[in-house]
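Q: I would like to learn how to read a model like this one, feature by feature. Where do we start?

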Amino acid sequence: MKEAPGIVSGTRRLLRRLRDTMAGSGTAQERLDRIVRIVAAELVAEVCSAYIMRAGEVLELFATQGLRPEAIHRTRLRVGEGLVGLIAATARPLALNDAQAHSGFAYRPETGEEIYHSFMGVPILRGGRVLGVLVIQNRTSRHYDEDEIEVLQTIAMIVAELAAGGELVSPREIAESRTAGMLPVRLVGIRLNPGLAIGPAVLHEPPLQIRQVVSEDVPAEIERLREAVAAMRDAIDQLVLDSRGLGAGEHRDILETYRMFAADRGWVSRIADAVRGGLTAEAAVQKIRDETSRRMLQASDPYLRERLVDLEDLANRLQRHLSKHIPDVTFNELPPEFILVARTLGPAELMDYSHRRIAGLVLEEGSPTAHVAIVARALEIPVVGRVENATDRIEAGDIVIVDGEHAQILIRPSEDIRQSTTAAIEARTRRRAFHESLSSAPAITRDGIGIRLMLNAGLLIDMAQLASTGAEGVGLFRTELPLMVRDSFPAVDDQTEFYRRVFEYAGERPVVFRTLDIGGDKILPYLPHIVEENPAMGWRAIRIGLDRPAMLREQLRALIRAAEGRHLRVKFPMVAELPEFERARALLNMELARANDEGRMLPASVEVGVMLEVPALLWQLSELCERVDFLSVGTNDLMQFLFACDRGNPRLADRYDPLSAPVLRLLREVVAQANASSVPLSMCGDMAANPLEAMVLIALGFRTLSTPGAAIGPLKAMIRSLDLGALADYVNEISARPDHSLKSKFEAYARDHLIAL
Ligand code: PEP
Ligand code: MG
């Protein structure tokens with residue numbers, strides 16, 4: 001935002017007065033008393049009060065101009081209580097022209113504040129932590145505008161210096177209140193990358209101490225900023241060069257985009273404006289960074305959030321260049337292997353650490369398509385995201401276990417848990433080596449039945465697993481995933497290029513592309529988002545594709561162009577009735593005809609299939625089999641619709657078991673129909689990824705399973721230890737039993753028959 005010249009010069013005078021106060025004599029309390037007086041006078045407010053955070057998340061009135069003096073050190077509000085508590089809880093400013101009408105208003109008689117109507121408060125922030133709240137109040141119903149909020153925020157940065165100095169509230173008081181946190185703790189988040197790791201915690205760059213907020217010499221500060229920006233850009237160029245060693249994939253595009261951000265003039269000019277307003281370069285970066293984090297808290301749009309994370313990453317980096325606190329030097333002091341803990345982390349920041357050994361990563365935010373998660377995937381680092389308050393609850397040096405599989409972390413685990421985790425990691429490493437050794441071994445049962453193991457993929461980085469696992473091809477390419485990490489819907493040429501790269505990675509191996517399964521919870525930030533009561537059963541996948549055929553046609557056009565001379569395999573998601581399949585197929589035919597008319601090289605062959613994931617389709621199977629080239633069962637959706645049980649609801653996660661009579665009967669029926677019509681059948685739902693469940697699927701007659709790469713080795717080990725004939729008899733014998741689950745019976749069978757699970 002551009003500041004009006006009047007405000008800039010007014011702010012400068014105010015900042016100078018505050019700087020003199022900060023540098024002047026007296027205790028911290030006396031300086032704070034002076035600051036609230038100056039602010040009240042300069043901002044023409046009857047009240048200015050500073051509330052400082054004490055142990056136990058309590059905000060205490062430390063200084064006031066305008067409220068009754070006897071309230072000082074008496075008035076206390078818990079975080080979340082009253083307007084002051086609300087600002088602390090949300091870490092966001094609040095401006096009201098009638099404070100008492102706000103539902104959060106908490107009246108404290110000792111303050112005498114009932115005569116003041118308008119209220120503006122901002123958090124006193126330091127390194128993302130709320131250290132207090134700064135408030136001004138007026139008797140009249142005053143409207144505080146954006147510029148005034150900004151000015152108060154700048155003042156709050158100066159007060160933050162005082163609050164962080166340890167003189168107002170001793171750091172011991174805060175530390176002791178946290179000792180309850182020294183006990184072992186388990187925190188749950190979401191899985192961003194699987195794997196298990198243990199190590200001492202390193203908190204991602206404890207915030208740098210800004211020594212000086214107000215600058216003495218504006219031109220000199222601008223020059224320092226210019227030099228630091230230039231040095232930072234050089235370092236980022238180097239980092240992007242280094243990342244080439246990681247091979248191809250989305251992480252490369254992400255880092256290139258990041259580099260473009262660093263070259264963006266708008267961001268630097270906003271920082272320069274703040275320097276011109278009287279701040280030091282460090283404080284100006286901090287100010288813009290705080291604004292970014294605030295916007296980040298508000299942004300629900302995943303793409304925008306990623307951009308904001310990138311901007312935060314850049315601000316941190318620029319701070320380090322300004323303070324000459326360059327990572328390579330400071331990182332030398334890190335332990336050789338550690339768990340990195342951060343609120344958010346940009347992809348480039350993760351790369352900074354990659355010369356060291358990050359064993360695991362814990363984030364307070366993050367989503368599976370967050371850029372940092374994708375880069376972590378390329379680096380094979382286990383990640384748990386959305387762990388609330390992780391940076392508060394973990395102290396540097398605490399031993400932390402990151403359990404990516406179960407989306408949890410353990411802080412300061414007991415000695416026996418540490419030992420068992422270390423043993424589990426060693427066992428995993430051995431198992432992984434064993435599974436990798438099977439990558440070129442065939443997936444054949446002991447009685448000679450071959451099983452095709454295919455890969456579920458969605459990003460280019462997943463394609464590397466074709467070689468490492470020995471998968472026979474890609475059984476499910478989820479085409480919506482690359483779109484979820486982009487900023488706009490790609491043009492046909494871009495899509496064509498992307499699919500071409502997928503084909504190139506696959507070489508001779510087949511790839512089955514699934515057309516877009518967007519809608520529901522898979523939101524593309526750049527398309528209009530419709531709020532639905534039941535998104536999983538809403539306007540998604542093929543329903544959107546048929547109602548807005550332009551998008552589906554463009555995708556099919558790109559697939560046809562990319563396939564030139566190769567075998568094209570396409571399947572449609574969420575088909576519920578035959579006519580939907582026929583209409584989708586007709587669109588594909590139209591695109592084939594168009595490619596032909598344009599004289600393009602056509603695919604060598606085209607096979608078209610459907611995902612079996614809506615139960616209604618089960619009763620249209622024989623007609624469907626006459627029309628499709630193949631069928632893929634998607635148990636993730638099929639189970640949720642069959643049992644009326646939301647697949648994303650953790651409370652229902654283990655409610656029903658696929659290893660039970662209704663599912664086994666249904667799948668047996670599907671196998672029989674497909675076999676009777678000679679239609680190739682595969683399973684690409686997650687049921688196929690679990691060795692025990694896959695064992696039963698094979699016994700039911702499935703011969704093609706498509707799973708995430710990590711499952712292929714364990715599946716191969718299971719298949720190679722299996723005598724299918726004997727198992728099929730057993731499955732026949734027990735699968736009609738009306739038990740809640742037959743899992744324990746199958747487990748016992750596997751144990752007795754030495755099947756490797
Ligand atoms: C399924 O539903 O089983 C499936 C494979 O599709 P997705 O998980 O992408 O919905
Ligand atoms: Mg599905």
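The dialogue below goes through conventions, domains, the metal site, strands, cores and salt bridges.

Q: Which conventions apply here?
A: This is a predicted model, where local features need pLDDT of at least 70, side-chain atom pairs count only at pLDDT 80 or more, and totals for chains, interfaces and linings use all residues. Residues are numbered from 1 along each chain as its sequence is written, chains are lettered from A and ligands numbered from 1 in the order in which they are written, and side-chain values use heavy atoms, with hydrogens and water left out.

Q: Which domains does the assignment give?
A: Domain bounds come from an automatic or database domain assignment. For this protein the assignment gives domain 1 (5-178), domain 2 (185-205 + 337-426), domain 3 (218-323) and domain 4 (473-608). Taken over C-alpha atoms, the centres of domain 1 and domain 4 are 55 Å apart.

Q: How do I read a metal site, and what coordinates the magnesium ion?
A: Look for donors: N, O and S atoms within 2.8 Å of the metal (3.2 Å for Na, K and Ca). Water is not among the atoms, so sites may look incomplete. Here E613 (OE) and D637 (OD) coordinate the magnesium ion (ligand 2), at 2.1 to 2.2 Å. E613 lies in the loop between β19 (605-612) and α23 (621-627), and D637 in helix α24 (residues 635-642), so the pair ties together parts that are 24 residues apart in sequence. Helices (H or I, at least four residues) and strands (E, at least two) are DSSP runs, numbered from the N terminus.

Q: Are E613 and D637 buried or exposed?
A: Buried means under 20% relative accessible area, exposed over 50%, and partly exposed in between (1.4 Å probe, protein chains only). Both E613 and D637 are buried.

Q: How do I read the two faces of a strand?
A: In a regular strand the side chains alternate between the two faces of the sheet. Pairing comes next: two strands pair if DSSP finds at least two bridges between them. Four bridges join β7 to β14 (residues 408-411), and the two strands run antiparallel. L187 has I409 in β14 as its bridge partner.

Q: What makes a nonpolar core?
A: In soluble globular proteins, nonpolar side chains tend to be buried together. A core is a set of buried Ala, Val, Leu, Ile, Met, Phe, Trp, Tyr and Cys residues joined through side-chain atoms within 4.5 Å. The largest one has 90 residues, of which L631, L667, M695, L705 and F746 touch the most other members. Helix α26 (residues 691-700) gives the largest share of this core, eight residues. A second, separate core of 89 residues includes V213, F261, V268 and A284.

Q: Which residues does M695 touch?
A: Contact means heavy atoms within 4.5 Å. Not counting residues up to four places away in sequence, M695 touches M718, L722, L727, F746, A750 and I755.

Q: How many salt bridges are there?
A: The rule is a side-chain nitrogen of Lys or Arg within 4 Å of a carboxyl oxygen of Asp or Glu. The count comes to 43 salt bridges. One of them joins E607 and R569 (3.8 Å, N to O). E607 lies in strand β19 and R569 in strand β18 (residues 567-572), so the pair ties together parts that are 38 residues apart in sequence. E607 counts as partly exposed at 27% relative accessibility, and R569 as buried at 18%.

Q: Which residues form a network of salt bridges?
A: E480, R514, D517, R540, D637 and R647 are linked in such a network. D637 is also a ligand of the magnesium ion.
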